[in-house]
Structures are given as structure tokens and as C-alpha cells.
Amino acid sequence: MPELPEVETVRRGIEPLIVDQVIERVICRVPKLRWALDPDLNERLSGQKIQSVGRRAKYLLVRLEEGFLIIHLGMSGILSVVDAEMRPVKHDHVDIVLSNGYCLRLNDTRRFGAVLYSDGDVNKNPLLLLLGPEPLSHDFNVSYLEQRAKNCKSPVKNFLMNQKVVVGVGNIYASEVLFRCGIHPEKPINEIPRTQLGKLVVEIKTVLQEAIDQGGTTIKDFQNAEGKPGYFKQQLRVYGRDGEPCVSCYNEIRKIKLGGRSTFYCLECQK
DNA sequence: CTCTACCCCTGTCTGC
DNA sequence: TGCAGACAGGGGTAGA
């Protein structure tokens, strides 16, 4: 479900509602999500005051007095802050119960998400250690991309979705970025000239920022902390539009598989 | 080292 | 109406 803009939208939604609250207890209703849930999670978190809610890539980082809570939403995760007395529904797997009577609740149909405790330096956690730069930071620039692209011949779309290259770009935004750049998704990354790489950098930043500004993209079931959808779907130019006319040249949008993922592009505009 | 195929899981939609 | 199969916004891992 969520790529960077959706995770950032969730972060902004929950942070003001849970910061400065003390965790009373943790309720886990399934033994595992992506990984087995830490049986000591309740013990580790109880009594701790929430300091801040950050984000690295598609991971939410809840800073505690001692350590961090790392939350990933996988494909179908929904985080919301609800009355702790509200009866859990199907797939409500984890509750972080707060002292003010509310709780941070994770619903995750497919259970590809994760809730992990990390002590010490969260950036040294194996999940975060090898991640590429944040796309909206200055570290993500054309010189960096050129360096990474040099000896790599994978299709540009796979390259952009590789979280070791740059984080946060998922299946929807990868197709959208490539359309805006006029680059065919199967083009080997090492054959793309520097000027085009520069365009990729700019469009990645632009698309992700625009999507954040619109509260993310809701295709099917993404919702923010208040249960509302994102509005960037209206701005999608190729994703999910196979068979429809290109917004620019009116030729048909095509759908192919790349790395097992659906990929959308305009045969005419993207070479 | 890089890159693909497969796997985790449930729900929904399509075609027979 | 039932059923099998494909597919869905992510990403770790085994093996080539």
C-alpha cells in the first residue's frame, strides 16, 4: 500500500496525537506479522513516554525515552489513533495503549507489516543500515545517481525501486516518474545520459512532494491516521490507466511486467 | 558483487 | 453460483 508519501502522511497524522503520551501497555493479537512479534514488547514499551515520530524510508520511527519502535506498513497496513475502548475489528493486530485513553492501532490485512523494538542507534538497525538516501534530501542528486548507475544495467524502473539506491519510491511513483521523464521503464540505467539522470532526480522529488501535499495516493484502501483517503490518485498519469489514452499524446497506455510488478507507460512518449 | 524468482498473507476480481 | 488463478501500493532471502 504505502510508498513514501503515504508513510509521511501517516507520520504527520499520528505524531501530534501520540507525542508526550506515556505507553500504558501493548496488546498483540497475532503471533507474527512480517516477523514474529517480540514477546517482551509490552515490557519494553510500558511506562515510556513518546518523544517524537520520525520516518526513514518507508519506516516509521517512534522515538521513546529508551530506544525506538520501528513500524512498517507493508502492503496493507493502516495506523490510526482510536479510543482504546473501541472494539478491535478483523486484522486489528497491535494496540499501543496510551495513558490518555487512546491507542495507536495497527490494522494489516496481509500482515506484511512490522512492529519492532530497537534499542541504541536506530540507524544501525540492520533494516535501516543499507538504505539509500532520502529522495527529498540534498544527498540525493545527479552526481550520486550517476555514480550508482555507472556499473548497473538493470531496467531503470527496477533501479529506482531498489531501496539501496534511493528509498521511498514504490511501484506507483516509479511509473509516474518515468512517464514525466519520457523514459521507457525497461531502459538499462547505465545507458541513460547525465541530463536524463538529472531529470529523474528532479521528477522523483517533484512527484513525491506533490503526493505528500495531496495526502498520498489511495488506489484501494490507503487511509491516513484520520481514516481519510489521499487525493493524489487524480494526478496519476499512467499507473492503472492501461488501455486509456495518454494525457499527452492520446496513444494507448501499455501495461507490462517488470520484476514481477505491473508497470505502466506510454509507448509513444517514453523511449 | 548483482540480479531474478519466490515467498510471506488475505481479499478481490476475472474468466470459465 | 462455484471455483481456480491472477493480482494487489513491500521487501527479505536463496540461489543463479
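The structure is a predicted model, in which local features need pLDDT of at least 70, side-chain atom pairs count only at pLDDT 80 or more, and totals for chains, interfaces and linings use all residues. Residues are numbered from 1 along each chain as its sequence is written, chains are lettered from A and ligands numbered from 1 in the order in which they are written, and side-chain values use heavy atoms, with hydrogens and water left out.

Let us start with the overall layout. Chain A splits into domain 1 (4-124) and domain 2 (142-266), with bounds that come from an automatic or database domain assignment. Taken over C-alpha atoms, the centres of the two domains are 29 Å apart. Across the boundary, 17 residues of domain 1 are in contact with 18 residues of domain 2, where contact means heavy atoms within 4.5 Å.

Next come the strands. Strands (E, at least two residues) and helices (H or I, at least four) are DSSP runs numbered from the N terminus, and two strands pair if DSSP finds at least two bridges between them. Strand 7 (residues 102-108) pairs with strand 5 in the antiparallel sense over 7 bridges, and with strand 6 (residues 92-98), also antiparallel, over 5 bridges. Leu-104 of strand 7 stands opposite Val-81 and also opposite Ile-96, while Asn-107 in strand 7 is the bridge partner of Ile-78. In the hairpin of strand 6 and strand 7, 3 residues lie between the strands, and Gly-101 takes a positive phi near 90 degrees.

Burial is worth a look here; buried means under 20% relative accessible area, exposed over 50% and partly exposed in between (1.4 Å probe, protein chains only). Strand 5 (residues 77-83) has 6 of its 7 residues buried, so it is largely enclosed by the rest of the structure. Strand 7 also has 6 of its 7 residues buried, so it is largely enclosed by the rest of the structure.

Now to a residue in the loop between strand 4 (68-72) and strand 5, namely Leu-73. Leu-73 is buried, with a relative accessible area of 1%. Leaving aside neighbours within four places in sequence, the contacts of Leu-73 include Val-10, Ile-78 and Leu-106. Leu-73 and Arg-111 are 38 residues apart in sequence, yet 8.6 Å apart in space, C-alpha to C-alpha.

Arg-111 brings us to the DNA. It is among the residues that surround DNA strand B, as are Lys-90, Phe-112, Lys-153 and Ser-154; a residue is near a strand if one of its heavy atoms lies within 4 Å of it. Sugar and phosphate account for 63% of the atoms of DNA strand B that come within 4 Å of the protein. The table gives polar contacts, meaning pairs of N or O atoms within 3.5 Å.

| Residue atom | Atom of DNA strand B | Distance |
|---|---|---|
| Arg-111, polar side-chain atom | phosphate oxygen | 2.3 Å |
| Lys-153, polar backbone atom | phosphate oxygen | 3.3 Å |
| Ser-154, backbone N or O atom | phosphate oxygen | 3.4 Å |

Finally, Thr-218 lies in the loop between helix 7 (194-213) and strand 9 (253-258). At 12% relative accessibility, Thr-218 counts as buried. The side chain of Thr-218 reaches the backbone nitrogen of Gly-230 at 2.6 Å, and a polar atom of that side chain lies 3.1 Å from the backbone oxygen of Phe-222.

Methods. Polar contact = N/O pair within 3.5 Å; in protein donor to acceptor, adjacent residues only side chain to side chain.
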